[in-house]
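Please look over the sequence and the model first, and then follow the points below, which go from a whole chain to single residues.

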Amino acid sequence: MAAAAGAAAADEAEKARGRRAALSFAAIAVVLGLPLWWRTTETYRAALPYADIAALGELSFQLAAPVAVVFAPGSLPGDLPRPLPFRETQEEETLLNPRTSITSRYEMVYRSTTAQEEAALDAVTVQEADATLHPLQDASLGSLTVYVIPETSSLLPQGISVYVGKHRSALVRAGEGLAALRARLQQVTQIMSFTTSSITAALSDRVPASQLGPDARRHFKSSLGYEITFSLLNPDPKSHAVHWDIEGAVSHYVQPFLDKLSFMANFSVDSQILYYAVLGVTPRFDKESSSFLLSAHSLPHVINPVEARLGSSAASLYPVLNFLLYVPERSHSPLYIQDKDGALVGTNAFHSPRWGGIMVYNVEGPAPPQASLPLHVDVDMVRVMEVFLAQLRCTERWPQCKAPWQSWPRAASTQPSRPARKLSPPQSGLSSTRPSSISSTSLMIRNLPSTSHSSCLWLYPSSCPWPRSSGRPSSARRSPPRQTEPHPPSALLWGWDCPSHVEHVVMDPWLQPCVAELCQSQVPAWQLSCAVAETQEERLL
Amino acid sequence: PAGRDALREELLLSPLPAGGLAATFQFRTRWDSAPQRGAVSHYRLFPKALGQLVSAQGVRELHLALTQGFWRTRAWGQPPLQAPAGAELWVWFQDTVADVDKAWKELSNILSGIFCASLNFIDSTNTVTPTASFKPLGLANGTDHHLLRYAVLPREIVCTENLTPWKKLLPCGSKAGLAVLLKAERLFHSSYHSQAVHIRPICRDASCLAVSWELRQTLTVVFETFSSSQGKKDWSLFKMFSRTLTEACPLASQSKIYVDISAKDKEKELLEVTPSPASVHEAIVQGEKRTYAVYDLLSPSLFNTSRSLNVQLKWKRPQDSSELSTPVLHAQRYVSGYGLQTGEISTLIYNTHPYRAFPVILLETVPWYLRLYVHTLTIITKGKENKPSYIHYQPAQDRRRPHLLEMLIQLPANSVTKITIQFERALLKWTEYTPDPNHGFYVSPSVLSALVPSVIAMKEVDMEQSPLFTSL
């Protein structure tokens with residue numbers, strides 16, 4: 001009995017020991033083994049500097065523009081805070097999102113005119129004054145000069161209180177008091193420089209899409225070079241023997257424009273003539289106008305069949321921009337393009353972003369039936385080049401678009417406080433080797449012949465001779481095609497009744513609010529001159 | 001503006017002694033411009049793809065031929081244009097090109113894209129730099145043979161995909177003019193099909209004060225009837241191409257069809273051609289007087305009677321074999337031996353001229369994996385050894401360079417010369433085998449350059465014999 005009890009006790013002890021051993025095994029396995037297994041089977045994660053990476057996303061943009069406000073005698077408002085000359089700095093910070101902020105900083109210098117400037121302001125017309133004042137201006141980068149003339153001065157025509165000159169200067173009437181003057185000054189500087197909304201649009205890739213308008217989404221990465229090809233499509237060489245002086249047109253109109261942009265990218269221009277190249281779409285015959293019509297919704301189908309004939313460049317890897325001039329067949333003449341409302345497009349052309357544009361050139365007039373075929377057709381290159389250059393600007397949205405911010409980080413008047421890290425190294429190298437002493441703003445507004453037309457386009461677009469029609473067949477969004485009719489040049493210099501024209505104007509949308517608010521200010525009408533040589537304008541018109 | 005571009009198109013129909021018909025198309029586009037690299041270039045008739053290629057790569061002359069089939073010289077006579085089976089590309093570069101090999105590689109890749117042909121397989125293992133066999137066919141200042149590259153891809157097949165981009169280079173495309181006849185379904189149902197592109201600089205006019213570029217696109221096709229037709233050998237354009245001609249290309253300054261109606265015997269005419277030709281042209285070709293019936297598509301009277309032109313040829317009487325003229329120079333090449341270890345390449349060159357001897361430069365390119373033993377090279381003519389007066393031999397480097405053998409051999413009159421060389425096959429790595437290796441390995445065709453004694457007149461029309469050289 002004792003042996004049995006002893007054996008039972010031993011069994012118990014054995015079992016207890018066993019249980020303890022098992023528990024300790026389990027405990028060791030869990031405590032030691034599980035972490036060991038975890039550590040040995042986890043995937044390798046490299047250590048990243050997360051704080052630095054987060055800091056990369058921050059961009060605080062600083063827009064600095066030195067402005068000189070020059071008071072002509074008799075224009076000094078009575079309530080100046082300090083005697084002339086004095087300096088003042090206006091700063092404004094806009095926060096787009098927690099990481100991106102824009103600081104606009106205007107350094108205003110108020111001074112009175114020198115004797116030469118006074119003499120210049122005594123000129124008869126404002127253009128003369130502007131021309132004489134140009135050499136007297138401060139030539140530092142990005143600087144603006146605003147000349148304040150007395151309210152009663154006759155230099156500016158009646159009813160006009162602001163004149164924006166060609167060379168980064170403006171003439172402003174003094175206004176009733178300092179407050180009004182300051183308001184006008186602010187508007188002028190914003191018009192001649194950049195508004196917050198334009199910078200917002202330029203930084204659109206950092207900003208949530210909902211904050212931007214539809215056009216701002218057409219953001220693109222610019223390339224190091226472009227190849228521009230002008231093609232003449234003649235589907236009916238039996239009836240039309242088409243001749244175009246493309247060499248002359250390119251050297252006259254296109255090459256100067258591209259030379260100015262040569263710091264941004266490499267350009268090469270080509271041209272070719274393609275015969276028996278048809279549009280893939282059959283146009284509809286319209287009885288009332290006895291002409292053939294291409295409707296807006298059939299335009300997307302035009303490009304693909306034609307592109308097979310165009311070929312790609314054998315010489316370089318740069319993207320190609322194609323500009324096609326299509327002379328319709330005799331049996332399909334005349335051919336017009338309709339926009340989505342059914343109206344005929346004025347320039348008979350449409351473009352597709354990042355691809356190029358197509359213009360339909362109708363052979364003038366019905367040929368007499370006994371005329372011998374083929375008819376000799378000489379293409380009017382001026383009309384054609386106008387459209388193509390406008391399309392060239394539209395397809396790549398040069399230059400007062402997002403591109404400047406991406407490719408010119410060293411624009412003198414705008415200094416991002418951190419270099420724009422979006423640039424790939426070759427591009428930033430590219431811009432730093434180009435002469436950066438030319439400020440980007442002055443380039444865009446002043447020196448480019450066609451974009452000075454575009455400055456006309458955006459400042460005074462309803463009279464600008466740049467017709468621009470754009471149906472964007474290949475873009476994903478359904479934005480309406482925009483067209484405008486060319487106006488005679490005599491309407492150029494006179495003001496227009498503001499708000500009613502604002503809807504009709506063709507301009508980059510980031511400017512619309514700017515012009516609208518200017519129109520709604522006390523300034524009754526604006527006279528803005530196009531920063532373009534008159535001779536150039538007349539030649540193109 | 002600088003001169004005008006010009007397009008001339010010709011079609012030559014030559015009946016072959018055996019009853020077949022050879023049709024040779026030639027389209028010549030002259031581009032009056034001297035392209036510089038990087039300048040703006042404006043193209044009218046000259047295709048932009050080739051113009052950009054020529055100016056970007058610094059090409060002085062370019063010759064590309066894609067051929068399917070063999071030209072049976074003994075049965076068909078001397079061909080108007082010669083090309084080896086497969087793809088052949090040889091290019092003279094400008095002397096301003098710094099790195100010729102790099103330009104050659106880029107050029108072959110770009111051409112491969114333009115013509116949808118596998119020319120991108122041209123690399124250093126099948127490219128050679130011949131020293132004596134080729135001379136520039138256009139205007140040239142000097143000939144530095146380091147600027148020449150030659151490559152053959154014997155395995156290359158020609159098909160519709162190559163014909164379509166070839167036709168796209170023509171200004172009128174295949175919509176008007178002679179190119180309307182180029183329909184793939186008939187062209188590839190032939191015994192021989194060869195299409196070629198030649199670009200070279202030429203004098204703009206007789207005074208040669210300016211240089212123009214000439215693009216010559218040629219297409220040779222041989223139609224043969226087989227025994228199923230029971231000896232009916234009548235030909236017509238419709239029978240050959242399933243199309244007839246309705247109009248000339250409006251851009252062409254010249255558009256003609258030539259039909260070879262020469263007869264050995266003046267009294268008995270061999271061929272009857274309908275509709276009757278407007279004019280007859282006589283020329284001396286390869287030492288013989290030939291007569292051609294000419295149809296000018298640009299003349300308004302041609303399409304007066306009927307809207308379409310269908311040239312028909314009828315044999316009036318059967319040909320007897322005595323009328324077959326054997327060509328003065330022809331050659332054969334074959335590989336003999338058995339097994340997969342060794343073999344022998346034999347080239348037989350025939351000189352059938354009764355009394356004239358002439359020299360011949362033989363260029364042989366053999367891939368590196370067939371290791372040639374030059375000490376086994378024998379040249380035997382009429383039973384005796386024939387020593388070449390010039391030998392240039394560049395041995396192969398494994399996987400880098402092929403063999404190059406150039407010899408200048410004198411061919412005595414009325415003789416057969418046999419050139420043999422033995423080789424041993426090298427062991428290939430398993431990734432180096434070509435697709436379907438049991439089909440065999442191709443040895444590139446050799447090139448014979450000869451000064452053939454029967455003088456050929458240089459003609460600016462389609463008797464385009466380059467007078468000095470023919471390549472086999």
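**Overview of chain A**

Chain A has a secondary structure that comes to 16 helices and 18 strands. The model is a predicted one, and the values given here are computed from it.

- Of the 541 residues that make up chain A, 52% count as buried.
- The accessible surface of chain A comes to about 25200 Å², and carbon and sulfur atoms account for 58% of that surface.
- When contacts in chain A between residues at least 6 apart in sequence are taken together, 75% of them join residues at least 24 apart.

**A three-stranded sheet in chain A**

- Three strands of chain A, in the order β10-β11-β13, form an open sheet in which the pairing is mixed.
- The edges of this sheet are taken by β10 (284-286) and β13 (335-337) of chain A, and because each has a single partner strand, one side of each is left without a neighbour in the sheet.
- From one strand to the next, the twist averages 40°.
- Strand β11 (residues 291-294) of chain A runs parallel to β13(A), and three bridges join the two.
- Within this part of the sheet, Phe292(A) stands opposite Leu335(A), a residue of β13(A).

**One residue of chain B**

- Thr326(B) lies in the loop of chain B that falls between β15 (312-315) and β16 (329-336).
- Is Thr326(B) buried or exposed? Thr326(B) counts as exposed because its relative accessible area is 54%, and the cut-off for exposed is over 50%.
- Although Thr326(B) and Arg74(B) are 252 residues apart in sequence, their C-alpha atoms are 6.3 Å apart in space.

Methods. Residues are numbered from 1 along each chain as its sequence is written. Chains are lettered from A and ligands numbered from 1 in the order in which they are written. This is a predicted model: local features need pLDDT of at least 70, side-chain atom pairs count only at pLDDT 80 or more; totals for chains, interfaces and linings use all residues. Side-chain values use heavy atoms; hydrogens and water are left out. Helices (H or I, at least four residues) and strands (E, at least two) are DSSP runs, numbered from the N terminus. Buried means under 20% relative accessible area, exposed over 50%, partly exposed in between (1.4 Å probe, protein chains only). Two strands pair if DSSP finds at least two bridges between them. Axes are lines fitted to C-alpha atoms, for helices over the stretch in contact, and angles run from 0 to 180 degrees between N-to-C directions. Contact means heavy atoms within 4.5 Å. Accessible areas come from the Shrake-Rupley method with a 1.4 Å probe; for residues, only the protein chains shown count as cover.
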